[in-house]
Amino acid sequence: LPMAFRDVNARRHIGLQQLSSLALAGRTLLGPVKSYKFVVDESTNQSTLICSAVRLIESLDLTSAAGQLLNETIQAQNKQFKTGMSTLLFLVGAWSNAVLECLQQNVPVSAIVSVMSEGLNSCCERVQCLQISIHDVNKELCSSSVRPNAFKSKACQIGCDSLLNSQTSPYFQKDVSAPEEVISINTCSRQEDDGNVNKCLVSPLGGFGSIASLVKPPGDKSTSLISGSGVIISSCNKQNLTHSRYFSALGKSYFSSQQGNFQGNLSGQSTDPCECYGLGHLAMTLSHGNQTSMKLLQSVVAYQQERAECSGSSQFNIAEIVTCCLLGLPESYSCVSPGFVTLISPEQATVIKYFEDKPLRILLMDGDLTEQYRHLGFNRPCNVRTILEHPGLQEGRAGDLWLSSVLDILKCFEINLVLVKGNVCEGLMERCIANSVLVIGSVTQDVLCAFGEVTSAQPVTYLTQLNASCVGSGAQVELWKACDGHATDLGELVPVKIKVPGIALLTAVLTTTVASKMQLIEDQFWTSVYRLHHALNDKKVFLGGGAVELLCLSHVQTLAEEPVQPATKNAVREFHNPWLAASVTEHKSVVLQALASGWKQYLSVVMCNTAKASSELEACTSVDHHLKKAADCGSPSAYILQEFRRGDLLRGGSGPLADHGVGLKVYDNVTAKTEAWRRALDLVLLVLQTDAEIITGPKRNQLLNSHVSSEFMFL
């Protein structure tokens, strides 16, 4: 039968055009300086504020097949890495346009797929020279002029407003796991005048109950130590930010001071200068200018590192971090608090006054606390609705019997606190409130594990499994208090803090007065956390600031400029067809130039978004200038590394870190970045190869005479 095959080399290629259009919407989300966007629902006139590729794609109505594939690709990247989605989205659009240009020049699909895949693989191998180990990063940062007090003004302000307010009074316990030893300090008050902000400087661990830094007047240059307390008083004139992890071994350390500077090392501590600031340095370089998230993460890291030195556990454990979002407080109230901070109803909060910081008996449940709950394997099919299971008039009474039996079990074991992984029956919740039992649902598995380790509680699936050995003890519940020392009432929900001596769990309390920003703040914090997590897993990072992409661009252009060689026997054997092998060789330069155009667009858009260039034309000119200098140098990688260390690579004197006046180096994750590249190209090539329409039937003559005949190939 006559067959018409829609010509993929013609002007229209629906799938690639759809990818390009969708990616265009996320253009301003690329780079460290992102623009907020409102996504408006035309049917309801409701809007959503987004600032990430994930939230953008989730908010769009994706009805096309290409849109669904794009959504799945971005969700997969987000699920695995929590970073790199904006890069993925942008490169999908850039390479879709590049492929469309190749189709305009009648490049066969097989040649596009082969050359682009080969080119990206070559780039991934080439940029390995720009990888640097974590140890070398710490060593270089510690030997440079950049220190954690590079953000000295911000550090002071955030320290006073955020890092200290995880404790609720001007009294801090030395260690939550040690016998109570109360140290009275004067907390920093918020300064209205920017010029007075430098009067206070707080250790990142000030709010963790481990070590608190006292602040002396600016004129006092002395450094003193309260014996046996681990509290350091340092001069703020010198802007010294002292990590308290070095003062945690009480009674075993020796300190010497000279002009207000710490010169000693704790016995048993590493004398390697690379370890003097720990992972906080690395967190700073991976923050990409997000100061609030970076400060919170540095506090988490400092606490976990100090704990690791005592217990020998992992220095950074992402499973010990949770978030609690509080709407209604200024963002300066954000802090990191030891223990578990969560939101409960005002009715549940009334139960807390009966506890009065008494040690509570705790029960952990890894399922739902409902009468109908059955563990996985016994759940009924979700598409079957049960109207009536046991006919009779005793159903209400049966439900009351179940509630009564649950309360009897809780009373029998004297349980005051129940943490439930799943849902909680509303009727049971009311009964528990009336009987002074606090039940909290939707608790994550990591939280259950953290409480199980320190309270000796063992999670159960059903209450009928409960015995004395499953019940834990030692938990305490109190109302969470803001930095002003007062309990916070947010109206519909009340924040509470559950703590146990020695618990490793940390809660990042994220606050804002703008409801639409709450999700953004939480996303940004977790992005910073996972960047550090992946960097430690990879044990290496990429040079950031566009260094890797610039080397990719230089490398691909070099490959494209190589003289065309005849198809080799290996190429013929690979494609099983001499014509295909010759076609790939012939169009290799065109396809590689198209691939390079994606990198160039990436760099130019990042420069525009960060105000390093006033237009894409200016940005492209700057990129071309660097490419020429790299080529003249003879070794592009050496040139890029030199410019990166000088801080001149693609910098225009502006950006999120420029106001601090420091040449803060930026690094990127290795695996997350390269995987984003591969996923972007794989998606484009998949759509390229599958977006074809085959028309069969006796319409050949009609198509020949139609105005769209140029879009079809007739076979």
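Is Cys51 buried or exposed? With a relative accessibility of 8%, Cys51 counts as buried, because the cut-off for that word is under 20%. Keep in mind as you look around that this is a predicted model.

## Cysteines

Let's stay with cysteines for a moment. A disulfide is a covalent bond between the sulfur atoms of two cysteines. How many disulfides does a search of the whole structure find? The search comes back with 0.

The cysteine sulfur nearest to that of Cys123 belongs to Cys552, and it lies 4.2 Å away. A disulfide needs the two sulfur atoms within 2.5 Å, so Cys123 is in no disulfide. Cys123 also counts as buried, because its relative accessibility is 0%.

## A sheet of three strands

Now find the open sheet of 3 strands, whose order is β12-β20-β13. The pairing in this sheet is mixed. Which strands sit at the edges? They are β12, residues 321-327, and β13, residues 335-338, and each of them pairs on one side only. On average, neighbouring strands here are turned by 30° against each other, with direction ignored.

Look next at how β13 meets β20, which spans residues 506-512. These two strands run antiparallel and are joined by 4 bridges.

Definitions and conventions:
Residues are numbered from 1 along each chain as its sequence is written. This is a predicted model: local features need pLDDT of at least 70, side-chain atom pairs count only at pLDDT 80 or more; totals for chains, interfaces and linings use all residues. Side-chain values use heavy atoms; hydrogens and water are left out. Buried means under 20% relative accessible area, exposed over 50%, partly exposed in between (1.4 Å probe, protein chains only). Two strands pair if DSSP finds at least two bridges between them. Axes are lines fitted to C-alpha atoms, for helices over the stretch in contact, and angles run from 0 to 180 degrees between N-to-C directions.
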